[in-house]
Structures are given as C-alpha cells and as structure tokens.
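Open the structure in your viewer and keep the selection tool ready. The stops below follow one another.

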Amino acid sequence: MSGDSSEANETSPTMSNIPDIDSTGTDDVLLSVRELKTHYEERSLFGGDPVRAVDGVSFDVRRGETLGLVGESGCGKTTLGRTLVRLEEATDGNIVIDGDDITTLSGDDLQRWRRDAQIVFQDPESSLNDRLTVGEIIREPLDVHDWKTPTERRQRVRNLLERVGLREEHYYRYPHQFSGGQRQRVGIARALAVEPEFIVLDEPVSALDVSVQAQILNLLMDLQEELDLTYLFIAHDLSVVRHICDRVAVMYLGKIMEFGPTEQLFQDPENPYTRSLLSAVPTPDPTVERERTTLRGTPPSPRDPPDGCVFSTRCPAKIRPDGFEELSEDDWDAIEVFREVLRERSRTDPSLSERARELLGLETRLPDVDEAAGELFDSRSFPSDVQEPIQQSITAANNGDEEHAREIITAALGSVCDHEAPSLLETDQSDSARSSRCHRHREEYAEPDASGPYSPEP
Ligand SMILES: Nc1ncnc2c1ncn2[C@@H]1O[C@H](COP(=O)(O)OP(=O)(O)OP(=O)(O)O)[C@@H](O)[C@H]1O
C-alpha cells in the first residue's frame with residue numbers, strides 16, 4: 001500500500017523531535033496531540049485499504065485559545081475533532097492532557113474527559129433530537145454525568161437558556177419550533193451544560209444564514225472569555241477563521257501542512273498548499289485584483305495517499321528531479337496531468353461490481369489511456385529520456401497495469417516530492433513558532449518564488 005511506504009520514508013517524529021509548537025515555554029498547553037492517526041477500516045464484502053482520515057498529526061492546543069482547523073472537504077477535520085473528544089477511537093498516537101493520554105482512558109477517567117470536552121455540530125437541524133423538548137436536550141448531559149440534584153439541573157438549564165440568548169419559557173418547546181440560529185444556541189447550551197473546558201466547534205455557523213452567523217460567533221466569543229473556554233474551530237469559511245482564531249492549522253489529506261498564528265499565516269503563508277487555499281478566497285472588493293494560484297484536480301483518495309508529500313500530485317511548487325531543467329512548464333505540467341490520469345484509473349476504491357468483475361477475471365476498465373496521452377503529448381516533442389518512460393508507461397497502462405505504469409514514470413521522472421514525505425519543520429524559531437511541511441524549506445530546494453504569486457487579502 002502506497003501510504004505505508006510514505007510513512008516508512010518519513011523522518012518519523014518522536015515526542016522529543018516533533019517541533020514543539022510552544023517551545024517558548026510561555027504558553028499554557030491544554031492538549032498535546034502527537035502523531036495522531038484515525039483510520040476507518042473498510043467494512044465491505046471485499047475489504048480494502050483503510051481510509052486514512054487523520055494520518056499522523058502533531059500540535060499543541062493552548063489553554064484559552066481558539067485554534068482554527070481548515071482545509072478542503074474530506075481532508076479529515078471532523079474526524080480529528082471527533083477523535084479529540086473521543087467520539088472516534090484513535091488508531092495510533094497520543095492526545096495528552098495533564099500527563100494523561102486521552103486515547104487510552106477508560107472508566108471514570110474517560111467519563112471525566114467526556115464532560116470536560118464537548119462538541120458543537122455543524123447542522124443544528126439534524127444534531128438535536130426532535131422528540132425531546134429543548135430543556136430535556138440541554139439537561140441530558142447533566143443527567144448522564146449525574147450533575148448535582150434534579151432541581152439544580154433544571155435551574156442550570158434555565159440559566160443556560162438565558163445565557164445563550166433564549167428564554168426560560170423555551171424549556172418546553174421542541175427544536176422544530178425554532179429557527180436555525182436558535183437551534184444552534186440550544187446546541188451551544190447543551191455543550192456548555194457540564195462546564196467543559198475544551199469545545200470542538202465543527203463548522204458551527206456554516207449552515208446558518210449570513211445575518212445570523214455573526215450573532216452566533218459573537219456569542220461564542222463572549223462565552224469563551226467569560227468561561228475561560230478553549231476552542232478547536234473547524235471551518236470552511238476562511239474569513240471567519242481569520243476573524244476569530246488565534247492560530248490556525250491547515251490540513252490536507254490527513255496531515256497538517258502548516259501551523260501558525262492566524263495573521264502571519266494569512267499574510268505570508270509558507271506552505272504551497274496554504275498559498276493555494278488562501279488565494280482561492282474571493283476578494284470582498286471586486287475592483288481589487290489579486291494574484292491567484294489555481295489548484296489542479298482534486299485531492300487523491302485518503303485510501304491511497306501519494307508516496308512522498310501528500311500534496312505532490314497538485315503542488316505548484318513541486319521540485320523537479322535533476323537533469324530536466326530544460327523542459328518547459330507546459331511540458332512538465334502535461335506529464336503531471338498524465339500521472340494524475342493514471343492515478344485516477346488505479347484508484348483503490350472501485351465499485352463493488354467492478355471488484356466482482358475483477359475477481360471473475362473480466363475486463364473492468366476501458367483502455368482510454370491512449371486518448372489521454374494523445375491529447376496531452378501529441379503536440380509535444382520530448383527528449384528521449386522523457387519520451388521513453390512515457391511510452392513504456394502508456395504500454396503498461398494499456399495492458400491494464402496502471403500501478404506499474406505509475407511506477408515507471410515515478411522512477412524516471414519523480415523527484416524528492418514523490419519519494420520522501422516532508423516533516424513538519426519549524427520555519428520560525430521566534431515566539432510565533434510557525435511550522436510547515438514542505439521540502440522547499442530545505443536549503444538545497446529553497447526557491448522563494450516557487451509557489452507562484454500570492455498577494456494577501458488586505
Ligand atoms: N465513519 C466513516 N467511515 C469511513 N470513512 C469515513 C467516515 N467518516 C469520514 N470518513 C472519510 O474520512 C475522510 C475524512 O472525512 P472528514 O469528514 O473527517 O473530513 P472533513 O475535512 O471534515 O470534510 P468536510 O469538510 O466535508 O466535513 C473522508 O474521505 C471521509 O469520506
């Protein structure tokens with residue numbers, strides 16, 4: 001499995017050599033996440049590779065901060081958030097709080113963590129039980145944790161309703177009688193009920209009308225200050241993240257690609273993926289032109305992450321192997337697109353019927369590699385050390401062996417980005433403690449303009 005080899009190639013960080021995000025020692029760390037993995041095993045008839053939803057992430061969460069978690073859909077944000085509050089079981093790695101590893105807690109200790117760590121879900125429509133009254137929904141965690149007396153619980157629910165901007169008389173109403181914003185207030189009250197110190201906010205406003213979003217965000221920020229809460233804020237909307245987060249982690253295909261203080265990261269992203277992600281944000285003022293880096297294609301499947309750097313299949317700053325400097329950008333791009341075509345065709349999650357046909361020895365895929373190769377390469381003339389492996393690769397793919405076809409091209413034309421997974425490197429030793437996962441940070445590959453243009457949003 002390709003993911004295995006990528007791990008084998010990576011300089012494996014231990015607790016001592018992972019960049020210590022709080023190396024200044026001035027910050028109070030609530031949670032230390034180290035090499036955390038959450039994989040989902042395939043449960044279908046034919047088995048298959050696990051989904052590597054979270055695949056070795058390390059960072060610290062400081063007490064009282066709002067840590068943003070961003071990245072394209074499917075990169076593992078929700079899985080990471082759910083693993084931190086133990087709604088998912090970690091496959092490997094540690095989450096340490098006050099010397100205890102949350103991933104191995106059980107019994108009373110686990111119960112305590114389930115009280116101290118809460119989650120607010122994205123969709124208040126589906127996350128609240130419509131058969132319970134709002135009061136019962138908020139009271140449920142108090143009952144589960146046997147919090148004080150029943151009378152005190154009822155009083156607490158009434159206080160919480162008011163605290164989140166609802167009214168006492170809402171106790172006996174049902175969720176469907178409320179607007180989206182009000183329902184999210186109920187979700188927040190429920191999360192607050194057992195006095196947690198850490199809350200995962202999983203896209204808490206993205207299902208709401210824009211006019212309501214600001215009210216809910218303001219409520220969350222007020223509550224944080226008042227109750228000394230620590231937030232992990234998962235979001236798609238980067239302008240919201242910029243507005244409310246102290247620091248940001250950028251995730252791609254189960255890994256953290258960049259980590260740093262929000263404003264510095266938005267002003268001067270260091271990782272090619274962060275630059276691409278941020279430059280896709282529309283400018284509020286349409287008269288202001290910004291330079292953009294457009295990302296090619298879609299992320300690879302988390303069942304079959306690329307060997308080497310996970311972002312290597314789309315990276316605009318990808319390092320070329322020695323000896324191919326003469327090829328034009330266009331020619332090089334065509335080769336990368338061809339590799340993507342092969343990758344797509346050899347994806348390890350064919351449908352059940354395809355798998356069945358495969359097992360029966362029947363033809364499963366149409367031989368359309370020639371067509372792609374024709375479109376990409378017919379108008380180009382390559383030197384023989386490029387042309388030959390491409391031709392061999394086309395032949396292998398036409399024989400139905402896309403895996404070998406990919407290997408031929410990687411062996412002949414691959415670079416360090418294809419062969420070696422970069423570690424998360426500290427890129428700034430000062431208080432700001434930034435880190436980024438990219439071979440371009442190594443002196444021998446440094447090229448300041450390699451990621452293409454980037455102009456920050458003002
Ligand atoms: N219970 C599950 N079983 C199998 N695969 C899962 C499960 N939950 C999530 N996944 C897969 O894990 C990967 C990460 O999903 P996750 O929901 O964590 O990503 P995300 O970044 O939160 O996405 P989004 O922004 O769309 O919510 C995806 O490929 C997803 O399909």
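Select Thr-91 and then the residues it touches: Lys-37, Thr-38 and His-39, leaving aside residues up to four places away in sequence. Touching means that two C-beta atoms, placed from the backbone, lie within 7 Å. This is a predicted model, in which local features need pLDDT of at least 70 and side-chain atom pairs count only at pLDDT 80 or more, while totals for chains, interfaces and linings use all residues. Numbering starts from 1 along each chain as its sequence is written.

Thr-91 sits in the loop between α2 (77-84) and β4 (92-97); helices (H or I, at least four residues) and strands (E, at least two) are DSSP runs numbered from the N terminus.

Next, select the ligand. Its surroundings include Tyr-40, Lys-77, Thr-78 and Pro-302, where a residue counts if its C-beta atom, placed from the backbone, lies within 6 Å. The largest share, three residues, comes from α2.

Now select Leu-232 and Phe-233, which have the most contacts inside the largest nonpolar core, a set of 80 residues. Such a core consists of buried Ala, Val, Leu, Ile, Met, Phe, Trp, Tyr and Cys residues joined through C-beta atoms within 7 Å. The largest share of this core, six residues, comes from β2.

Last, select Val-386, Ala-405, Ile-408 and Ile-409, which are among the 15 residues of a second, separate core.

Key
A residue is buried if 20 or more other C-beta atoms lie within 10 Å of its own, exposed if 12 or fewer, and partly exposed in between; C-beta atoms are placed from the backbone.
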